[in-house]
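Welcome to this tour! Open your viewer, get your selection tool ready, and follow along stop by stop.

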Amino acid sequence: MKQRSFMARICASPHIVWAIIFIVAPLLFVAYYAFTDQNGRFTFSNIAELSAHWETFLLSVCFSLIATAICLLIGYPLAYAISKAPAKRRSMLITLLMIPMWMNLLIRTYSLMAILDDGGFLNSLLGSIGIPEFHIVGTSGAVIFGMVYDFLPYMVMPIHSVLTKMDDRLSEAAFDLGCNRLEALLKVTLPMSLPGIISGVTMVFVPSISTFYISQKLGGGTIFLIGDTIEMQFQNPATYNVGAAISLVMMILILISVAVMNHFSEDSDDDGGIIL
Amino acid sequence: MKTLSKVFIALVFVIMYAPLAVLILFSFNSSKSTGVFSEFSFRWYAELFSSPETFLALRNTLILAASSAAIATVIGTGAAIGINAMKNKYVKGAISSVTNIPMMNPDIVTGISMMLLFVFIGGLLSVTEVLSFWTMLIAHVTFNLPYVILSVMPKFRQMDKHLPEAAMDLGCTPLQAFFKVELHSILPGIITGAVMAFTLSLDDFVISYFTAGSSFQTLPLMIYSMTKKEVTPDMYALSTIIIVTILALLILSNVLGAKGDKKATR
């Protein structure tokens, strides 16, 4: 019996070796590049250079927070409405919601740009009913809209799965105890769906703050987010070190915020994976 | 209340699907405009199919997805078996945390971190073109691993722990017990993990972008370079084909799934 369990544990060794070489080591390399210059000498100058990018950092954080908030404001009611629909229609709606998740992000973002662009579909449609053309691509609104458009399903899915598992009798009990609909929603349904909200927020916030394609396309070359900055530094080997420093800071910020958020939903963590 | 929520759901879905519909419509446009539909034509499809680049990219994408999914499934299943057998919960936790890093980290960080590793090793070995199919394969296996492990692990928890013991009491060797009993009950998880790994790899752009060399292009990378220059609607044609393929596969899997459900209830 002992021998059997030993053999089973051996099965994990390829993965452990793989994880050390290709997960842990690359992250150490990010740190190494962040603290060295091109000749491999230790330096703080890359970190110091971050101060030149603090506005980009701030802009990215703002954009992704706004996009996450809008996703939550649209996504929660949507998930709620879907979870209350009859079973047959519900599975159809969920499929409809999942289809865009299967589509490549580049295609979705690009199709959005094709609609919103100057001389694009929307403007020519409005033009044909006499409304003058207006500029959308290249505004902050367009970039935020792109984030919401691309990542909304990631907000709805986890909230929906928590809401459908919830016992309907709980809110009925709240009604019996004198709550009105709003109070039952705020005091029972909302707190109980918190784990879904938190995983939805994480799944929208992380890709939003690190995107570079959305801002490239919908920002029309005028809006630079932190992802664009990182991508640009990695075009040229001479700026790898600065790029690594920016990535390191972004990664630490994200891991901290994810860890803080996960802390709030500890009891829902039944996958066995302990994060940080 | 009821109608309001119906209107709301409809509105969100209309906005969600409108851009894709417009994209498909304008892939059949004879002119380059995305605003005015001149006349119906297959011009962009003809152009797309006349370029060997498209087929090469498609072939590359499929090779990469299939091989990375296969490797990740084997390593990941082994990892799940091993982690499940471990008693020390700190070791277990540490392994799961490290495994989940590529899932938690933004893709761009995973991409550049692997690129830096490859570039550094390439520099040590003085290889000029270190980024190639192999670096992409390694990167894809790495980000696929957590998904495989997360789909296999729960199957162990659902399985009755006494089943393999019973098999051994009935004369199976430990290895036979594994292949006849345990593998059977974790197989659905392995299949889910493999399919997930395959589709994630097909779809990935960001990590591929940083770990790919000039010699190996996949479809997402091709779409990116198409949208970087002045766009010609052959990109719409390509996207339309991808969208239609995915829809067909989803419908097919739903129909097959529904049939399977019916059989199961019978």
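Two residues are in contact if their C-beta atoms, placed from the backbone, lie within 7 Å. By that rule, the contact between the chains takes 73 residues from chain A and 65 residues from chain B.

Some ground rules before you click further. This is a predicted model, in which local features need pLDDT of at least 70 and side-chain atom pairs count only at pLDDT 80 or more, while totals for chains, interfaces and linings use all residues. Residues are numbered from 1 along each chain as its sequence is written, and chains are lettered from A, with ligands numbered from 1, in the order in which they are written.

**Stop 1: the side of chain B that touches chain A**

Helices are DSSP runs (H or I, at least four residues), as strands are (E, at least two), numbered from the N terminus. Several helices of chain B each supply at least two residues of this side, including α1 (2-26), α3 (52-85), α6 (133-158), α8 (174-203) and α10 (219-228). Which helix gives the most? Select α1(B): it gives 12 residues. Now color by class, with Ala, Val, Leu, Ile, Met, Phe, Trp, Tyr, Cys and Pro as nonpolar, Asp, Glu, Lys and Arg as charged, and the others, Gly among them, as polar. This side of chain B has 46 nonpolar, 17 polar and 2 charged residues.

**Stop 2: a helix pair across the two chains**

Two packed helices are described by the angle between their axes and the distance between the axes. The axes are lines fitted to C-alpha atoms, for helices over the stretch in contact, and angles run from 0 to 180 degrees between N-to-C directions. Select α6 (residues 105-116) of chain A together with α10(B): they pack at an angle of about 25°, with their axes 9 Å apart. The two helices are therefore roughly parallel to each other (angles under 35 degrees count as roughly parallel, over 145 as roughly antiparallel, 65 to 115 as roughly perpendicular and the rest as oblique). Show the side chains of A:L106, A:I107 and A:Y110, then B:P220, B:I223, B:Y224 and B:T227, which make the contact.

**Stop 3: two pairs inside chain B**

Select α3(B) and α6(B), which pack at an angle of about 45° with their axes 7 Å apart. That makes α3(B) oblique to α6(B). Their contact has 17 nonpolar, 8 polar and no charged residues.

Next, pick α7 (residues 162-169) of chain B and α8(B), whose axes come within 9 Å and cross at roughly 130°. This pair, α7(B) and α8(B), is therefore oblique too. Here B:L163, B:P164, B:A167 and B:M168 in α7(B) meet residues of α8(B), among them B:K180 and B:E182. The contact of α7(B) with α8(B) has 7 nonpolar, no polar and 2 charged residues.

**Stop 4**

Finally, select α4(A). Where does a kink lie in α4(A)? Go to A:G75, shortly before the proline A:P77, for a kink of about 25° (the bend at a residue is the angle between axes fitted to the seven residues ending there and the seven starting there).
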